[in-house]
Amino acid sequence: MRVLVTGASGLIGSAVVAALAGRGDHVVALSRDPAKHRWPAGVEALAWDARSALPAVAADAAVNLAGEPVVGRRWTPAQRQRLRDSRLVATRRVVEWANGQRRPPALVSASASGYYGAKPEGPCRETRPPGEDFLARLVRDWEAEAAAAKGRLVVVRLGHVLSTRGGYLGQLLPFARRHLAGPIGDGRQAMAWVHIADVVGAVLWALDHDVSGPFNLVSPGAAGGDQRAFAGELGRVLGKPWQAPVPVLALHVRFGSGAGPIVAGGQDLRSDGLVAQGFAFRHRQLGPALQDLLSSGA
Ligand SMILES: NC(=O)c1ccc[n+]([C@@H]2O[C@H](COP(=O)([O-])OP(=O)(O)OC[C@H]3O[C@@H](n4cnc5c(N)ncnc54)[C@H](OP(=O)(O)O)[C@@H]3O)[C@@H](O)[C@H]2O)c1
């Protein structure tokens with residue numbers, strides 16, 4: 001299969017590219033600066049700025065992962081625009097490219113748990129309507145861009161993707177090793193986590209199977225779990241069970257009024273939809289999942 005991947009240099013993208021190349025697919029990896037990254041052997045890395053038309057290449061399928069990081073910079077008006085454009089405009093270009101192919105390719109497009117709002121009450125299944133805050137509206141509009149695809153479409157609403165190489169866990173680990181990663185606030189907010197290997201597995205599964213629609217992509221073991229349990233398990237696995245609680249105010253000061261509530265919030269995503277369609281998660285329990293990540297370095 002020829003698979004085009006946007007956001008190919010990122011945390012998820014690099015793992016997806018490696019898995020596709022590893023099983024013998026031809027990967028066309030798009031990056032704003034392909035020379036800056038090391039690509040697996042055989043990968044065709046092309047430059048694309050996520051605003052213009054895609055390079056004129058043919059592919060049987062595409063994986064759309066581009067997006068400015070949500071947590072990191074303060075959400076100034078310019079940054080909010082970057083967060084939106086790097087997803088909405090990028091996805092519009094991907095869809096234009098896909099719809100222009102002789103046979104529109106299958107598209108697996110990233111989305112996020114923020115679709116449901118920063119801290120919704122109760123379980124979130126795919127049928128639940130979107131939230132109303134800035135990020136929820138952004139994610140809803142991002143999905144709407146992908147929905148214009150004429151080919152088969154799978155949208156994955158990702159929870160916190162766990163990897164030691166970046167993202168939520170990657171950023172938390174240095175603090176947890178210094179006993180500084182205890183529960184956030186009262187720790188009661190839901191914690192939607194998923195092992196990076198299951199994200200890669202689900203993306204490849206979605207490319208290979210005739211499924212479509214939005215799917216929550218979180219571990220089934222995350223259902224009903226909260227941030228306090230997550231912090232406790234991480235401390236236990238690291239052999240540092242005592243972790244200093246993190247005041248919500250500290251997150252607002254560190255991340256600003258935009259991303260702060262995102263870090264302090266959480267959604268109780270349920271992945272029954274994906275399981276009902278036949279996807280088998282490998283990592284269903286948090287402790288063993290964390291152990292696996294720490295020992296494998298994934
Ligand atoms: N990781 C998670 O826990 C998580 C959770 C929910 C949703 N998601 C979503 O899933 C997607 C992939 O996540 P990830 O963790 O792999 O993200 P990532 O590591 O930040 O990578 C995203 C990629 O997008 C490109 N990019 C970044 N800023 C951009 C900008 N301003 N304009 C155009 N392209 C830009 C970058 O590629 P180049 O620099 O090579 O162009 C980057 O490698 C993102 O859209 C993210 O929002 C991730």
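The shell around the ligand is made up of 11 nonpolar, 10 polar and 3 charged residues. Here Ala, Val, Leu, Ile, Met, Phe, Trp, Tyr, Cys and Pro count as nonpolar, Asp, Glu, Lys and Arg as charged, and the others, Gly among them, as polar. The model is predicted: local features need pLDDT of at least 70, side-chain atom pairs count only at pLDDT 80 or more, and totals for chains, interfaces and linings use all residues. Residues are numbered from 1 along each chain as its sequence is written, and side-chain values use heavy atoms, with hydrogens and water left out.

Around the ligand stand 24 residues, each with a heavy atom within 4 Å of it. Ser9, Leu11, Ser31, Glu68 and Arg87 come nearest. Helix H1 (11-22), helix H2 (77-99), strand E5 (106-112) and strand E8 (160-162) each supply at least two residues of this shell. E5 gives the largest share, 3 residues. Helices (H or I, at least four residues) and strands (E, at least two) are DSSP runs, numbered from the N terminus.

Polar contacts (pairs of N or O atoms within 3.5 Å) were also computed. A polar side-chain atom of Arg87 lies 2.7 Å from an oxygen atom of the ligand. On its own, the ligand has 880 Å² of accessible area, and the protein covers 83% of it. Accessible areas come from the Shrake-Rupley method with a 1.4 Å probe.

The second largest pocket holds about 310 Å³ of space. A pocket is an open set of points on a 1 Å grid where a 1.4 Å probe fits, with protein on both sides within 12 Å along at least five of seven lines; lining residues have an atom within 4 Å of a point. Of the 22 lining residues, Leu11, Ser14, Ala15, Ala18 and Arg165 are the closest to the pocket centre. H1 gives the most to this lining, with 5 residues. Helix H5 (196-208) and helix H9 (286-296) each supply at least two. The lining divides into 11 nonpolar, 7 polar and 4 charged residues.

Key. Grid points are joined across faces, edges and corners, and a volume is the space filled by probe spheres set on the points. A polar contact is a pair of N or O atoms within 3.5 Å; within protein, one must be able to donate a hydrogen and the other to accept it, and residues adjacent in sequence count only if both atoms are side-chain atoms.
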